Amino acid sequence: MVGIPSSSIISIWEIGMQYFRTRLESRADIQAALILGILSAIESDRMGQSIDEYAIKRLLRMLISLGLYHTKFEEPFLIDTERFFIKEGQVMIESCDPADFLIHTERRIAEAIDMTNKYLDASTKHSLLSRVESCLIVPHVNQIVDKGFIPLIDADRIADLRRMYVLFDRVGSADCVKIGWMDYMKKAGEDLMREKEKNL
């Protein structure tokens, strides 16, 4: 009797997963409720509220096993990320000084990395960080430089200036810091020359 090649045998696990995926995809209401529930928990996590990280991780691992993580969860998650941080960035840039805004942005980036390590799939990390940076840093570069660069130099706040450079460099805007520094030095030189001329 000729045996059946093992490669052609579908395991009970695979049959079960295929059946579960078919059933889940046939119930759009359950699928939507599942995704919305996960997104709501993640937003609570971002707001500093306690969530069941293990449960979220298990649900996302289930979606990965079903082949639904990237098609059903990741894109809504990234869209929700943009919504959250666009709103937060607009509020914070108006309500806090540039140094505090940069500290907050640095913390949000660290939280995104931590979120990936705790329950998101590793493949989401790059896209998530890109969304956080594009929403919290890119739209506010000029305003941060205009409001914060000279006060930070005058106060000799080296750590804050370094943070500004590092964060701007993440989005290809480090030249704004260089230009700001050159303009500052040029103005300082001109002021010094005028002062010397007055004393002649």
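Biologist: What does the protein average in pLDDT?
Modeller: The average is 86, and 83% of the residues score at least 70; pLDDT is the predictor's confidence in each residue, from 0 to 100. This is a predicted model, where local features need pLDDT of at least 70, side-chain atom pairs count only at pLDDT 80 or more, and totals for chains, interfaces and linings use all residues. Residues are numbered from 1 along each chain as its sequence is written, and side-chain values use heavy atoms, with hydrogens and water left out.

Biologist: Where is confidence lowest, and where is it highest?
Modeller: Lowest in helix α1 (residues 12–26), with a mean of 65, and highest in helix α6 (residues 125–136), at 97. Helices here are DSSP runs (H or I, at least four residues), numbered from the N terminus.

Biologist: OK, α5 and α6: at roughly what angle do the axes cross?
Modeller: Roughly 165 degrees, with the axis of α5 (residues 98–118) coming within 10 Å of that of α6. Axes are lines fitted to C-alpha atoms over the stretch in contact, and angles run from 0 to 180 degrees between N-to-C directions. The two are therefore roughly antiparallel, the label for angles over 145.

Biologist: Which residues make that contact?
Modeller: Among them are Phe101, Ile109 and Ile113 of α5 and Leu128, Val132 and Leu136 of α6; contact means heavy atoms within 4.5 Å. By class, the residues split into 9 nonpolar, 2 polar and 3 charged. Ala, Val, Leu, Ile, Met, Phe, Trp, Tyr, Cys and Pro count as nonpolar, Asp, Glu, Lys and Arg as charged, and the others, Gly among them, as polar.

Biologist: And α2 with α3, at what angle do they cross?
Modeller: Roughly 140 degrees, and the axes of α2 (residues 28–46) and α3 (residues 53–65) come within 11 Å. So α2 and α3 are oblique to each other.

Biologist: Which residues meet there?
Modeller: Leu34, Ile35, Ile38, Ala41 and Asp45 in α2 meet a set in α3 including Ile56, Leu59 and Leu63.

Biologist: New topic: how many aromatic pairs?
Modeller: There are 3, counting Phe, Tyr and Trp rings (six-membered for Trp) with centres within 6.5 Å. Phenylalanine 73 and phenylalanine 77 are stacked, 5.3 Å centre to centre with 15 degrees between the planes; stacked means planes under 30 degrees apart.

Biologist: How far apart are phenylalanine 73 and phenylalanine 77 in helix α4?
Modeller: They are 4 residues apart in α4 (residues 69–95), so about one helical turn separates them.

Key
Angles under 35 degrees count as roughly parallel, over 145 as roughly antiparallel, 65 to 115 as roughly perpendicular and the rest as oblique. Rings of Phe, Tyr and Trp (its six-membered ring) pair if their centres lie within 6.5 Å; planes under 30 degrees apart count as stacked, over 60 as edge-to-face and the rest as tilted.
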